[in-house]
Number of protein chains: 4
Amino acid sequence: MAQDDGYRARIRSSFERQGLMRTIGASLEHISPGVVEIAMRPNRAISQQHGFTHAGAVSAIADSAAGYAALSLMPHGTGVLTTEFKINFVAPATGDRIVARGRVVKAGRTLTVAQTEVFAESGGEEKLIALLVATIMTVAGRAEVND
Amino acid sequence: MAQDDGYRARIRSSFERQGLMRTIGASLEHISPGVVEIAMRPNRAISQQHGFTHAGAVSAIADSAAGYAALSLMPHGTGVLTTEFKINFVAPATGDRIVARGRVVKAGRTLTVAQTEVFAESGGEEKLIALLVATIMTVAGRAEVND
Amino acid sequence: MAQDDGYRARIRSSFERQGLMRTIGASLEHISPGVVEIAMRPNRAISQQHGFTHAGAVSAIADSAAGYAALSLMPHGTGVLTTEFKINFVAPATGDRIVARGRVVKAGRTLTVAQTEVFAESGGEEKLIALLVATIMTVAGRAEVND
Amino acid sequence: MAQDDGYRARIRSSFERQGLMRTIGASLEHISPGVVEIAMRPNRAISQQHGFTHAGAVSAIADSAAGYAALSLMPHGTGVLTTEFKINFVAPATGDRIVARGRVVKAGRTLTVAQTEVFAESGGEEKLIALLVATIMTVAGRAEVND
């Protein structure tokens with residue numbers, strides 16, 4: 001694994017610059033090598049027409065969790081770019097809190113494949129609501145922070 | 001085609017109830033049978049860490065455009081639910097305006113496949129930035145409006 | 001879980017009627033509730049241009065493993081149909097044997113989501129080469145066998 | 001566009017070395033810049049359990065059509081590798097002939113996105129049966145032929 005000790009700081013700094021994460025009320029909950037967790041609370045501002053959380057908001061935190069999971073294993077001075085993802089929605093996005101847990105499936109020099117499971121928490125119980133698989137590209141000349 | 005004359009009103013009403021669309025500043029630009037267009041303007045509130053528009057915001061309008069394109073062909077009293085989508089990002093989401101054009105590829109009774117092309121407009125020119133393919137489920141008991 | 005005791009026999013019978021599985025030399029290696037394993041041996045007849053196993057052959061066994069994993073949890077008298085899948089190829093398909101392990105992620109009445117990990121075995125070691133996620137539809141009126 | 005005059009010969013030569021294409025009876029029907037067509041005839045050897053053509057066989061020709069469409073725009077001395085694809089099946093794969101038409105959506109230096117529409121021909125009529133979107137990687141050191 002190529003991550004240096006500063007990967008947590010770099011991920012936190014990058015996350016803070018993602019305007020969308022602030023806009024939808026998402027927070028960075030966990031970072032470890034190859035694993036990143038992002039959460040948000042369902043509310044009117046991120047809803048779809050039936051009152052559930054919008055698939056786009058779920059996708060946004062699931063994509064960011066996958067991207068940062070990939071970044072956690074990359075060398076200093078590199079950045080990440082999502083080239084594509086696919087997401088299946090298996091249950092309505094409701095509950096008290098929505099948690100996206102991204103983990104690296106296969107880290108590569110150019111491309112990394114990561115997968116995010118998204119859970120809805122309700123009354124202390126967790127339920128799988130979505131599954132995302134993403135291909136993330138290492139971007140050599142675009143560091144996530146001025147490092 | 002099963003759409004009734006009221007499909008435009010039903011789509012507009014449903015769109016207005018999508019809190020996320022308002023939150024990210026998206027607007028419904030065009031509705032015709034099997035085709036729906038949604039746009040937004042890049043800004044800090046929907047950005048990712050490099051200053052481009054976040055993949056999650058692009059996905060959100062692309063998904064909604066696909067879903068409403070599907071809804072435009074459905075009978076009165078039914079609703080739509082995205083079961084899954086896949087999106088490829090082929091160029092950075094920058095420019096003055098981002099436009100998602102959804103169209104139905106195959107309308108089915110239970111499942112409809114729709115595709116959205118997302119373009120970035122800049123100085124009067126359009127550039128393809130993303131391609132989404134979605135499977136949308138007809139939800140019989142959950143109308144988009146009280147109709 | 002809705003599977004009856006006869007699900008193994010029904011899956012074996014269905015597999016035997018898949019002409020493509022015989023053509024590419026695939027065999028059914030394991031069946032348990034929600035989990036199915038299919039394997040094949042790399043050879044010239046299923047190769048791509050660089051001598052590796054063709055992505056199409058890898059996809060075929062991965063798709064069948066996902067579909068039968070779904071079928072293993074379905075009631076007697078129903079069949080399965082893949083409505084869509086996505087597959088990421090993370091390493092070349094080489095080695096002595098290729099094994100696709102499908103498992104159900106979420107079983108639903110109409111739609112089931114299943115995931116297949118594909119491994120290449122070489123000298124007693126396993127390496128992940130592909131990851132498939134599929135949406136499988138329950139087909140009520142089309143049993144897998146005359147049951 | 002970077003293709004040289006020899007791209008047709010290179011694609012034909014590469015296709016002939018794909019053992020799987022011969023095994024499933026596929027033929028290369030058309031090559032032009034950014035567009036490639038591959039066809040096959042439904043038969044017992046490529047069937048699934050209900051008698052239709054197996055999703056894996058449909059995926060195989062759709063993937064190859066996308067890959068060769070990408071290769072048609074690449075410089076001499078490079079090869080292609082599918083990194084991922086997603087395919088939606090929108091109608092049963094039946095009929096007299098199945099034709100996969102791949103075309104490049106966005107050609108890039110490292111990654112190319114291509115899309116394949118698959119049609120079933122029956123009694124002189126064509127019907128869309130599947131839609132594939134693939135990400136294809138340029139492989140610099142692995143030419144498709146000894147060129």
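Predicted model: local features only at pLDDT ≥ 70, side-chain atom pairs only at ≥ 80, totals over all residues.
Residues are numbered from 1 along each chain as its sequence is written, and chains are lettered from A in the order in which they are written. Local features need pLDDT of at least 70 and side-chain atom pairs count only at pLDDT 80 or more, while totals for chains, interfaces and linings use all residues; side-chain values use heavy atoms, without hydrogens and water.

**The two interfaces**

Contact means heavy atoms within 4.5 Å. Buried area is the accessible area (1.4 Å probe) that two parts lose on being put together, summed over both. A salt bridge puts a side-chain nitrogen of Lys or Arg within 4 Å of a carboxyl oxygen of Asp or Glu.

| Interface | Residues in contact | Buried area | Salt bridges |
|---|---|---|---|
| Chain A and chain B | 40 of chain A, 40 of chain B | about 3000 Å² | two salt bridges |
| Chain C and chain D | 40 of chain C, 40 of chain D | about 3000 Å² | two salt bridges |

Carbon and sulfur atoms give 53% of the area buried between chain A and chain B. For chain C and chain D, the share from carbon and sulfur atoms is 53%.

**Chain A against chain B**

A:Lys86 forms a salt bridge with B:Glu84, with the closest N and O atoms 2.6 Å apart.

Helix 1 (7-16), helix 2 (19-23), helix 3 (55-71) and strand 3 (79-89) of chain A each supply at least two residues of the side that touches chain B. Helices (H or I, at least four residues) and strands (E, at least two) are DSSP runs, numbered from the N terminus. Strand 3 of chain A gives the largest share of that side, 10 residues. By class, the side has 16 nonpolar, 15 polar and nine charged residues. Here Ala, Val, Leu, Ile, Met, Phe, Trp, Tyr, Cys and Pro count as nonpolar, Asp, Glu, Lys and Arg as charged, and the others, Gly among them, as polar.

Strand 3 of chain A runs antiparallel to strand 3 of chain B, joined by five bridges. A:Asn88 has B:Glu84 as its bridge partner.

**The sheet of chains C and D**

Two strands pair if DSSP finds at least two bridges between them. An open sheet of 12 strands has the order 1(C)-2(C)-4(C)-5(C)-6(C)-3(C)-3(D)-6(D)-5(D)-4(D)-2(D)-1(D), with antiparallel pairing. Its edges are strand 1 (27-32) of chain C and strand 1 (27-32) of chain D, each pairing on one side only. Neighbouring strands are turned by 25° against each other on average, direction ignored.

Within chain C, 12 bridges join strand 5 (111-122) to strand 6 (125-139). C:Glu117 stands opposite C:Leu131 there. Helix 1 (7-16) of chain C packs on the sheet, touching strand 1 and strand 2 (35-40) of chain C, and makes about 160° with strand 1. Axes are lines fitted to C-alpha atoms, for helices over the stretch in contact, and angles run from 0 to 180 degrees between N-to-C directions.

Five bridges join strand 3 of chain C to strand 3 of chain D. C:Ile87 stands opposite D:Phe85. C:Lys86 and D:Glu84 meet in a salt bridge (2.6 Å, N to O).
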